[in-house]
Number of protein chains: 2
Amino acid sequence: MASFGDTDERDMISMIRGCIRKAPCDTDDDAAVIPVGRGDLVVCTDSVTFERHKPEGMTFEQFGWMSAAVNMSDLAAMGATPIGIVSALALPKEMDTSDVCTIMTGMDECAEFCGCHILGGDTKPGNGTVAVTALGVMEGRRPMTRKGASPGDVIAVTGDLGAAAAGFLALANGFDIPDAISALCAPIPRIEEGKILSSTGMVTSCIDLSDGLATAVNTICSMNGCGAIIEWDLLPRSPHVDDVCGRLGIGDREITIGWGGEYELLFTFDRKDAEALYDTGVEFSMIGLVTERDVVLHRDGKYEEIANGSY
Amino acid sequence: MASFGDTDERDMISMIRGCIRKAPCDTDDDAAVIPVGRGDLVVCTDSVTFERHKPEGMTFEQFGWMSAAVNMSDLAAMGATPIGIVSALALPKEMDTSDVCTIMTGMDECAEFCGCHILGGDTKPGNGTVAVTALGVMEGRRPMTRKGASPGDVIAVTGDLGAAAAGFLALANGFDIPDAISALCAPIPRIEEGKILSSTGMVTSCIDLSDGLATAVNTICSMNGCGAIIEWDLLPRSPHVDDVCGRLGIGDREITIGWGGEYELLFTFDRKDAEALYDTGVEFSMIGLVTERDVVLHRDGKYEEIANGSY
């Protein structure tokens, strides 16, 4: 028998889909859209664990922020307006109660930043898992989903890339790079950008970079039966990438496209809409094109295959 | 410093409330009501763990059912119509993937029983915690909450009491009492009853019995600054209570009112509405009265204080 720990996450999701009834709404994205009354309700859930998501050096407040931020980012990728979160904490019995409260404070700060509140929750003994469910509403906008990109579309990302990965390596190696560490520990969900992008009706697909650029591009391509070419020279690399790579003497490819933990939005659109999208004021970089097949990185005149990220 | 494991759950909740912003909706109940468009959205979250909620003899399918049922019961106590659930699983890496799927099948069966679907989820390594968030809508009905009971109101419960506790003791002692074990392992959330009761507008307060009758009565009383008198002879005791107590030679009070794990609804109403409530077809028993102060059990001519349940 295969064990859960040895099973690829995507395989596990497929197996689970195979043993439950199909939902009456689309569930291909990290958030699901449910028609409620006259508006669309968006719901998503994601959990973070001490073991996997709280590196040495991350505070409980930051961990709480992040537990909310990963879910806010899933709402952002849809273009939803957050209306609230609920949390279920499974925490070690020996934890200080003040640390439990600090996690909740961090979670609430992220909720406040995103314009909503913590609506309820549950706390039980466990090994350090914080599961957050976030709710949002579309307010008449059409949800952006992973489906819809087609060959010829431009691929773009908000913000810059690799800062969170640089922050992880900075923490691990004792480098004092506060901005990078903050990008890792207190990521900013792109709520406003998502709302504006979805309101244009011009975005053909959207996903967040929580699993890294490489995985995001592959997900969009496999969802839409297409390929992509990403131009290395167009990638908005965080300055901290070069800094950390220089100090450690490592290459800059994986840290830029292979790591997750960053919460920018990747989206696609018809190239004729580029100017109108720039006019919205959302800051983004065009980094490549949707193609018929193959997911490749164009760098130094060569084309390298892009596999899913390693982190 | 106090540790989380040594802190009373209610104290922990108070401390957490003290360090987050107050939500713009009422959060005194296990579910929160959020105005969305023209309707009220109800959301609740609760988690179950292998350690605390999966006694020897409970199957993974039953565990999955229960993880959904505890949340459906919180929707039922409000009178909401379920519209979907999302789940976040933190499971041991060595678990068989087929057992993971079986948990999801059980969860989906409960969702189906309650008329909704699993809308999304997340699965991570962990120690065996299943956190479920349930969503419901009021469809124009007024949500039943814990607040509203006043002296003179009748106290009533749906179904009967103590079957789940009897089931727990049956499993622990190897007694073959399938109905009691089923009451424990595959509890029936009172969704239909909750919808009908809320539609009458006559219920002054409502709570489910997930923490047992004693705790439920105390919660209602402390919420409303009142007392209660519960008549032992009116309690609809499950026949399995006498069976198990007889076999084990133990008293029947704790098992009837002190244990949780059962999912009947306790509700209050003005006595003049009793007949109209009976006419709805919901089966319930009137078990006592709301009073000015003191929460007591009247049994054999004596009045005993009722403290919160022990389970």
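Guide: Let's start with a term: a salt bridge is a side-chain nitrogen of Lys or Arg within 4 Å of a carboxyl oxygen of Asp or Glu. This is a predicted model, where local features need pLDDT of at least 70, side-chain atom pairs count only at pLDDT 80 or more, and totals for chains, interfaces and linings use all residues. Residues are numbered from 1 along each chain as its sequence is written, chains are lettered from A and ligands numbered from 1 in the order in which they are written, and side-chain values use heavy atoms, with hydrogens and water left out.

Visitor: Okay, how many salt bridges are there over all chains?

Guide: Over all chains, the structure holds 28. One of them pairs the side chains of D108(A) and R21(B), at 3.0 Å from N to O.

Visitor: Where do D108(A) and R21(B) lie?

Guide: D108(A) is in helix α4 (residues 97-113) of chain A, while R21(B) is in the loop between α1 and β1 of chain B, so this pair joins two chains. Helices and strands here are DSSP runs, numbered from the N terminus (H or I for at least four residues, E for at least two).

Visitor: How many residues does the contact take from chain B and chain A?

Guide: It takes 66 from chain B and 66 from chain A, with contact meaning heavy atoms within 4.5 Å.

Visitor: And what's the area buried between the chains?

Guide: About 5700 Å², and carbon and sulfur atoms give 66% of that. Buried area is the accessible area (1.4 Å probe) that two parts lose on being put together, summed over both.

Visitor: Which three residues supply more of chain B's share than any other three?

Guide: F4(B), R21(B) and L119(B), with 14% of what chain B buries against chain A.

Visitor: Which elements of chain B touch chain A?

Guide: Those giving two or more residues include α1 (9-19), β1 (31-36), β2 (39-49) and α4 (97-113). The most comes from α4(B), with 9 residues.

Visitor: New topic: how many cavities of 30 Å³ or more?

Guide: There are 7. On a 1 Å grid over the protein atoms alone, a cavity is a set of points where a 1.4 Å probe fits but cannot get out, and lining residues have an atom within 4 Å of a point.

Visitor: Which residues line the largest cavity?

Guide: Among them are D29(B), D74(B), M78(B), R146(B) and C206(B). The elements giving two or more residues to that lining are α3 (60-78) and β7 (203-208) of chain B.

Conventions. 1 Å grid on protein atoms, 1.4 Å probe; cavity = no way out; pocket = protein on both sides within 12 Å on 5 of 7 lines; lining within 4 Å. Points joined across faces, edges and corners; volume = space filled by probe spheres on them.
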